[in-house]
Every structure is written in C-alpha cells, then in structure tokens.
Amino acid sequence: MSRAARKPPAERRAELAAAARALALDEGLAAVTLRAVAARAGVTPALVAHYHESMDGLVAETFVSVVTAEIAEVRALLAAQAHPVERLRALVGTLLDGSRDDVTVIWVEAFALGRRNAVLGAAVRGQMDAWSEVIESVIEGGVASGDFRAHDPQAVAWQLLGMIDGLNAQALVRWGGAADRGSLLAHALEGMLGLAVGALTPA
C-alpha cells in the first residue's frame with residue numbers, strides 16, 4: 001500500500017472513525033479490527049495504531065458513535081409526534097420493524113464483547129442508560145397526560161428495553177414470530193400501561 005497523504009490529525013482521526021463506523025454497520029462490531037479499519041480507510045495498519053493505541057478503545061468509540069446517532073434520530077422522530085400514544089407507537093414501530101437490524105447486530109455483539117473489553121462494557125452501560133432515559137420520558141409524558149397508567153415509569157422503561165433487545169436479537173436468527181415482533185410488544189405494552197387493545201397498532 002502506498003504511503004497515505006499527510007492530513008491534519010483531527011481530519012485523519014475523523015476519517016478513521018468513519019471507516020470504523022461504516023465497517024461496523026456493514027459487517028458487525030467484531031469486524032472492527034486494526035487491519036480491517038486500515039483497509040476500509042485506505043491506510044496502513046500502522047497509521048491506525050498511531051491514532052488508536054488501543055483497539056478496545058476504538059471498538060468502544062465506534063459503538064458509541066453508532067448508538068448515539070440512532071438515539072438522536074429516534075428523539076427527532078418522537079419530537080414530531082404530538083400525542084404520548086403516538087410517540088410510543090412510533091417508538092415501537094421504528095425499533096421493531098426490522099429497519100435497524102444493522103444496529104441490533106452491533107448491540108448483540110457489544111453485549112458479548114463487553115464482557116472482556118472493559119471500555120466497551122462501560123460504553124454499553126452508558127448507552128443503555130441513555131436509551132432507558134428516552135423510553136422513560138415517553139412513559140412519563142403519557143402518565144402526566146393521563147393516557148398511561150404506570151406507578152413506576154423507570155421500571156416500565158427497563159422492562160420495555162429488555163423486551164426490545166430480546167425480540168430484536170431473536171429476529172436476527174428468524175426465531176419465533178420475528179415478523180410480528182412489533183405487534184407482540186405493542187399488545188404487551190397496552191396491558192402494562194392500561195391502554196385499550198389496539199391502541200398501539202399502526203393506523
């Protein structure tokens with residue numbers, strides 16, 4: 001490989017981060033290796049190592065980059081909904097319609113890899129907290145408006161996040177009712193929050 005053109009450090013770091021992110025979304029978090037990132041960015045592995053002494057750190061940074069982008073996207077989607085029920089319906093729909101399976105793969109791998117990569121494990125816990133806050137705010141909004149019944153919105157958010165993770169992980173291997181995961185979760189949520197049957201079914 002020919003010597004890469006010299007670039008300002010910030011530009012080169014951003015370039016490598018973008019390459020790692022694209023690699024993770026295309027092939028999964030486990031694919032983010034020194035050589036793979038170098039090949040994707042068109043540079044030498046030594047250059048990647050120069051900017052990232054720890055691959056554990058780069059993997060964690062890549063995970064955070066992917067997840068924070070998704071959270072920002074979902075926040076914008078929820079902000080566009082005027083009613084708490086519409087926000088919850090939109091949340092369930094976008095997380096369980098299969099369009100985000102590339103991010104689901106990254107989450108599933110992060111749970112496993114984070115057992116031995118302490119930096120990644122901490123990043124996973126931080127992003128789980130961030131996701132829980134998003135969901136909890138939706139639940140709290142519905143409780144405040146009188147549309148939802150929940151004594152502990154935080155506990156409901158925790159349960160909902162666990163169900164989303166489980167259903168999406170199962171769908172990756174097409175187990176059970178993968179195609180119906182959205183409706184399965186919608187019905188469960190309707191019962192948990194005192195909503196009428198079908199309230200969360202897309203119009």
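Predicted model: local features only at pLDDT ≥ 70, side-chain atom pairs only at ≥ 80, totals over all residues.
**Entry 1: setting up**

I count a residue as buried under 20% relative accessible area, as exposed over 50%, and as partly exposed in between. With that cut-off, glutamate 15 comes out as partly exposed, because its relative accessible area is 22%.

**Entry 2: a pair within helix α1**

I looked up the partner of glutamate 15 and found a salt bridge to the side chain of arginine 12, at 2.4 Å from N to O. Both residues sit in helix α1, which spans residues 9–27, and they are three residues apart, about one turn of the helix. Arginine 12 has 4% relative accessibility, so I put it down as buried.

**Entry 3: other salt bridges**

How many salt bridges does the count come to? I get six.

Next I picked glutamate 27, which forms a salt bridge with arginine 40; their closest N and O atoms are 3.6 Å apart. Glutamate 27 belongs to helix α1 and arginine 40 to helix α2 (residues 34–41), so this pair ties together parts 13 residues apart in sequence. I have glutamate 27 as exposed at 52% relative accessibility, and arginine 40 as partly exposed at 33%. I also noted a network of salt bridges that links Asp26, Glu27 and Arg40.

Then I went to arginine 181, which forms a salt bridge with aspartate 101, with 3.5 Å between the closest N and O atoms. This one links distant parts of the chain: arginine 181 is in helix α9 (residues 181–192) and aspartate 101 in helix α6, 80 residues apart. Is arginine 181 buried or exposed? Its relative accessible area is 7%, so I call it buried. Aspartate 101, at 24%, is partly exposed.

**Entry 4: aromatic rings**

On to the rings, where I count two aromatic pairs. The ring centres of phenylalanine 63 and tryptophan 107 lie 5.0 Å apart with the planes at 90°, so I file the pair as edge-to-face. Phenylalanine 63 is in helix α4 (residues 55–79) and tryptophan 107 in helix α6 (residues 101–113), so the pair ties together parts 44 residues apart in sequence. I find both phenylalanine 63 and tryptophan 107 buried.

For tryptophan 107 and phenylalanine 111, the centres are 5.6 Å apart and the planes at 40°, so I log this pair as tilted. These two are four residues apart in helix α6, so about one helical turn separates them. Tryptophan 107 has 7% relative accessibility, whereas phenylalanine 111 is partly exposed at 35%.

How values were computed. Residues numbered from 1 in each chain as written. Heavy atoms only, no water. Phe/Tyr/Trp six-rings, centres within 6.5 Å; stacked < 30°, edge-to-face > 60°. Buried < 20%, exposed > 50% of the residue type's maximum accessible area, 1.4 Å probe, protein only. Salt bridge = Lys/Arg side-chain N within 4 Å of Asp/Glu carboxyl O.
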